[in-house]
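Visitor: I'd like to learn how to read a model like this one, feature by feature. Could we start with whatever surrounds the ligand?

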Amino acid sequence: MTSFEIFEKLKKAVIDYDEKEAIETATKIVEQKMDIIAAIETLGEGMLEIAKKYENSEIFLPELLLSSDTMYTALNILEPHIKIIKKYIKKRIVIGTIEGDVHDIGKNILKTMLTAAGFDIIDLGRDVPIDKFVSEVEKQGADAVAMSTLMTATMVNMERVASMLYEKGLAPRVKIAVGGAPVSGEFADDVGAHIYATNAMDAVELFKRLLR
Ligand code: B12
């Protein structure tokens, strides 16, 4: 079986919420020393496909949650085997899903990829209060903050964090990154964010460029 076929199998396992297949395939990827980052990207692609099915009412909430669980099962198998590049380790990024939002799949994929790139990541989790984002940036002496949201209603909370970071004089030294499906480049510009990307791969490249 080619690498492509194995990755497709992993994606299909997420889409079909087939946990057994996901465990077997992720384990095979680790054992055969395949590209772990590419495999994690595949998991994200699987979630995006399942998102489409959910939006077209082809599947419903229980199936969506099962897919999400399957994705995390595979991610947990793959994550410990990521090779970390030490080059960028001295830059610290505080990451989280913004207040009011519990969607964390995209945030966790980004976190994993940033960790793999060698950044020092402080993960605040999901539904992170505005004040906590700001206080943790200060407390941790972070070089950047990465905020994720999947809901339009909570985008305003990202704007609040950004404003507070500027008011406290932390930004623009502290770089602000925003992302998640409803976020646009225009929104990012409006709130004074320095990094915006539609996927984790591109986001990592921007972080590398900006935090050099
Ligand atoms: C999975 C899912 C859920 C799961 C979440 C599980 C989890 N642990 O995350 C569950 C079932 C729990 C859920 C709950 C809800 N959901 Co929901 N959910 C989704 C769904 C189907 C997929 C999201 C996803 O995981 N995508 C896959 C990941 C890989 O993509 P991603 O997050 O976009 O991340 C990528 C990029 O955006 C980028 N990125 C992400 N973050 C960041 C950050 C930075 C800084 C950067 C640079 C880049 C970046 O990199 C990632 C990887 O490449 C979406 C539909 C959709 N089309 O998105 C709805 C969706 C987001 N949900 C929605 C809603 C309304 C809800 C609920 C309110 C439903 C309810 N009535 O209870 C609740 C949320 C409650 C709350 N307070 O948060 C709406 C939001 C509508 C809106 N625009 O406001 C959507 C769009 C569905 C819809 N069309 O109605 N949901």
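Visitor: Which helices and strands each supply at least two residues of the shell around the ligand?

Guide: They are α3 (36-55), α4 (61-78), α5 (105-116), β3 (144-148), β4 (175-179), β5 (195-196) and α9 (200-210). Helices (H or I, at least four residues) and strands (E, at least two) are DSSP runs, numbered from the N terminus. The largest share, six residues, comes from α3. Keep in mind that this is a predicted model: local features need pLDDT of at least 70, side-chain atom pairs count only at pLDDT 80 or more, and totals for chains, interfaces and linings use all residues. Residues are numbered from 1 along each chain as its sequence is written.

Visitor: Which residues come nearest to the ligand?

Guide: There are 40 residues around the ligand, and I105, G106, S148, L150 and G179 come nearest. A residue is near a molecule if its C-beta atom, placed from the backbone, lies within 6 Å of it. By class, the shell has 25 nonpolar, 11 polar and four charged residues. Here Ala, Val, Leu, Ile, Met, Phe, Trp, Tyr, Cys and Pro count as nonpolar, Asp, Glu, Lys and Arg as charged, and the others, Gly among them, as polar.

Visitor: How is the protein divided into domains?

Guide: Into domain 1 (3-81) and domain 2 (86-210), with bounds from an automatic or database domain assignment. Their C-alpha centres lie 25 Å apart. The contact between them takes nine residues from domain 1 and eight residues from domain 2; two residues are in contact if their C-beta atoms, placed from the backbone, lie within 7 Å. On the side of domain 1 that touches domain 2, α3 and α4 are the elements that give two or more residues, and α3 gives the most, with five.

Visitor: How do I read the packing of two helices, and at what angle do α3 and α4 cross?

Guide: Two packed helices are described by the angle between their axes and the distance between the axes. The axes of α3 and α4 come within 10 Å and cross at roughly 175°. Axes are lines fitted to C-alpha atoms, for helices over the stretch in contact, and angles run from 0 to 180 degrees between N-to-C directions. α3 and α4 are therefore roughly antiparallel to each other, a label for angles over 145 degrees. Residues making the contact include I36, L43 and Y54 of α3 and L64, M71 and L78 of α4. By class, the contact has 12 nonpolar, two polar and no charged residues.

Visitor: In what order do the strands of the sheet lie?

Guide: Strands of a sheet pair through backbone hydrogen bonds, either parallel or antiparallel. This open sheet of five strands has the order β2-β1-β3-β4-β5, with parallel pairing; two strands pair if DSSP finds at least two bridges between them. The edge strands, β2 (120-123) and β5, each pair on one side only. Five bridges join β1 (residues 92-97) to β3, and I95 stands opposite A146 in β3.

Definitions and conventions. Parallel < 35°, antiparallel > 145°, perpendicular 65-115°, else oblique.
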